[in-house]
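Hi there,

Here is the structure I promised to pass on. Have a look at it first, and then read on for what turned up.

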Amino acid sequence: MTEPEPLLQAGLERLYRLDQTPDVQAFRLDEAQAAQLSAAAARRREGLFIVHRGDDEADLGLYIAEPTRRQAFDFLQACARGRPPRGLDGFTAALEGVSHFVYLTHAVASQERAVSAIELEVQAEVDKFIVLRVWLGVGGAQLVSRLFDRFRLHPDVPARDRERYVVANRTARRFARWFDRHWARGRGHEAMARARALYRKPLAAKLEAIDRT
């Protein structure tokens, strides 16, 4: 199986016109490595691990469970061959992990700024829509509903994290609806330019820009 992580990373870099970010494969963790860091997190489908070593140093690792990786790869293969893709949920889970990695490394390296957990979640939710709508051409008019209106939290999500995911879902849905209207009216170039500008904004400016849409 070709690794899905670099394919997703390359797709995000092309969509947002990013300078090349660190190779995600060099930071990938297997299940045993993830379990050493967090037994609970290793039972999830994906997770970005940040281990602080000092005030200005941290180790980074991305874990995506093997079944999720296979689903993501199969989804990409189906899209590339013009077949109806299956396994949207697994694909978006893998994409979320890669999105967190790319966004964090870009913000730190190119913008020299910190990134909060809610900022990572908001951007990952936007990325799911942009990748499917623009890059893979999946979903059509029902994509916003499939991604955001049918949103459900897994029962294992800790209570302290639930609000973050709900806010990210609602925020990304608002932007996706705006983007989809522009895309359908033949104004995709304008919509994509707005998405690229949004990608580079810190959280407060990102939320303000989405509210204006």
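Tyr199 is buried, with a relative accessible area of 0%. Tyr103 counts as buried too, at 1% relative accessibility. Please keep in mind that this is a predicted model. The ring centres of Tyr103 and Tyr199 are 5.0 Å apart and the planes stand at 80°, so this pair is edge-to-face. Tyr103 sits in helix H5 and Tyr199 in helix H9 (residues 188-199), and the pair links parts of the chain that are 96 residues apart.

There are eight aromatic pairs in the whole structure. One of them joins Phe27 and Phe101 in a tilted arrangement, 5.2 Å centre to centre with 50° between the planes. Phe27 belongs to the loop between helix H1 (4-16) and strand S1 (28-29), while Phe101 is in helix H5, so the pair ties together parts 74 residues apart in sequence. Phe101 is buried at a relative accessible area of 0%, whereas Phe27 is partly exposed at 26%.

You will also find one aromatic cluster made of Phe129, Phe175, Trp178, Phe179 and Trp183. Elsewhere, Arg164 lies over the face of Tyr165, 5.1 Å from the ring centre.

Now to the largest pocket, which holds about 2000 Å³ of space. Its lining has 47 residues, and Arg44, Glu46, Glu96, Glu121 and Tyr165 lie nearest the centre. H5 gives the largest share of that lining, 10 residues. By class, the lining has 23 nonpolar, 17 charged and seven polar residues.

Conventions: Residues numbered from 1 in each chain as written. Predicted model: local features only at pLDDT ≥ 70, side-chain atom pairs only at ≥ 80, totals over all residues. Heavy atoms only, no water. 1 Å grid on protein atoms, 1.4 Å probe; cavity = no way out; pocket = protein on both sides within 12 Å on 5 of 7 lines; lining within 4 Å. Points joined across faces, edges and corners; volume = space filled by probe spheres on them. Helix = DSSP H or I, 4+ residues; strand = E, 2+ residues; numbered from the N terminus. Nonpolar A, V, L, I, M, F, W, Y, C, P; charged D, E, K, R; others polar. Phe/Tyr/Trp six-rings, centres within 6.5 Å; stacked < 30°, edge-to-face > 60°. Buried < 20%, exposed > 50% of the residue type's maximum accessible area, 1.4 Å probe, protein only. Lys NZ or Arg CZ within 6 Å of the ring centre and 35° of its normal.
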